[in-house]
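Hi,

Here is the structure I promised to pass on. Please have a look, then read my notes below.

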Amino acid sequence: EPNRNMKDVRDLLARTLQYTTVQLVHIHSWKLGLFYYLLQLSIVAYIFFWILLWNRGYQSFDSVVGVAFVKVKGNSYYLNSETGDIVLWDAVDAVYPSKEADALFVTTSVIPTFGQKQEICEGNDIATESCAGGCVTGKSTLNGIMTGTCGSDGKFCLIHSWCPLEGPDSHADPRVLLGVEDMTVFMRFNGLFAHFGYRVDNANGSEPVMGFNLFTVGDIVRRSGVKNFADIATSGAEIIANVEFDCNLDFLWEPCLPTVSFDRVDSSHAELSHGYNFRYPRYTDVTNGTRSRDLFKVFGVRIHVLLSGRAGRFDIVPAILAIGSGLGLLGLAAVLSDIIGLYLSPGSASYLKLKYSKGESPSSQTERELELEHDHEHGNEDRNEHVRGALDSPRSVNVNETTFLLDREREESSNGNL
């Protein structure tokens, strides 16, 4: 019984503690072999062309830090609706504010309200200034502060405000500035890759180059995806100028120059609000103790300049990591080929038997041989007892059978002596 328990323990350990190793099986299939080597070739091409050449995986990189300088030149105008005279808006008038960090606003249309003074006048907003809603002293409205009195026509309350008021529907008929499309925008970019101590810019000599660092307002709008400049002239638009540097410092035979692209970021289909507009005043001198101003509601193109980029130089550490991670993908070819050969090919059943076979350790094989030898000896003793019993039996015995058993016993005895 103890021996039996020990045998059970050994069997349990043998089933639990196992080690699996790879067994190589040569499958004679040109289709599978072609698939395997083509897949390996594709992975090597991916490592070389995509990881190393295109993404420059052998380099360490640094991001650019820099600023943009933008200025506008040119003239525009609109016609006075009452006199027909030309009202000139040059770059100083059209660009507001005149200085803005990495951005620029160019006016394309305007709604002017001239000669406003702080006075009492009738409101014009139905929602907040109608007499029907009540004129409450000191109540704030869209245009000013209520005086508590209804106007002479009985429609709107009297308010303290900058009078005359801007018309409630004046936004429907702004005055479009003609010639804005032809105004030029000069963009200068200066950047630094601090890790490498490398400076970049887009000066490109002593003269501006159209399409590189000099653009017209119309060209910028069209490059952003707006087909017709008139579509944004009365509503405005927000445009991103993407300036990108991509410098390879290992092959820097010429200065690293940026690429510039433009994208419109506001929605032209928004119902609530689209485009870009705001108001600003121009104050005039105080006359008789009263300050006056001209109010302008302007629509236009706001250009945001975003500077980005990278510079790379050879570094052994990222090069080894890139090549090592790429070579690790070569194992994918063997995995996919195994799946096809062992599960999807016509001879998959026989391949599976060859691929996955059970082997025994030498000690296990010795124990099994001893067990077989023990069983064999016990089998011989049983057969000898059978023969002796047959000879001692008083019943009649077949001579031929007895003779055969005796001869078999002598043969086995002689073999044992040998």
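This is a predicted model: local features need pLDDT of at least 70, side-chain atom pairs count only at pLDDT 80 or more; totals for chains, interfaces and linings use all residues.

C150 has a bonded partner. C131 and C150 form a disulfide, with 1.9 Å between their sulfur atoms. The link is right-handed, at 100° about the S-S bond. It ties together distant parts of the chain: C131 sits in the loop between α4 (126–129) and β6 (145–150), C150 in strand β6, and 19 residues separate them. C131 is buried, at 16% relative accessible area.

The whole structure holds 4 disulfides.

- C135 and C157: the sulfur atoms are 1.8 Å apart. The S-S torsion is about -85°, so this disulfide is left-handed. C135 lies in the loop between α4 and β6, C157 in strand β7 (residues 157–163), 22 residues apart. Both cysteines are buried.
- C247 and C256: S to S is 1.9 Å. The link is left-handed, with -90° about the S-S bond. Both cysteines are buried.

With the bonded cysteines numbered in sequence order, the pairing reads 1-6, 2-4, 3-5, 7-8.

Now the second largest pocket. Its volume is about 530 Å³. The lining has 16 residues, and V25, I27, Y36, S337 and D338 lie nearest the centre. Helices α2 (30–54) and α8 (331–344) each give two or more residues to that lining. By class, the lining has 9 nonpolar, 5 polar and 2 charged residues.

Best wishes

Notes
Residues are numbered from 1 along each chain as its sequence is written. Side-chain values use heavy atoms; hydrogens and water are left out. On a 1 Å grid over the protein atoms alone, a cavity is a set of points where a 1.4 Å probe fits but cannot get out, and a pocket is an open set with protein on both sides within 12 Å along at least five of seven lines; lining residues have an atom within 4 Å of a point. Grid points are joined across faces, edges and corners, and a volume is the space filled by probe spheres set on the points. Helices (H or I, at least four residues) and strands (E, at least two) are DSSP runs, numbered from the N terminus. Ala, Val, Leu, Ile, Met, Phe, Trp, Tyr, Cys and Pro count as nonpolar, Asp, Glu, Lys and Arg as charged, and the others, Gly among them, as polar. A disulfide is a pair of cysteine sulfur atoms within 2.5 Å. Buried means under 20% relative accessible area, exposed over 50%, partly exposed in between (1.4 Å probe, protein chains only).
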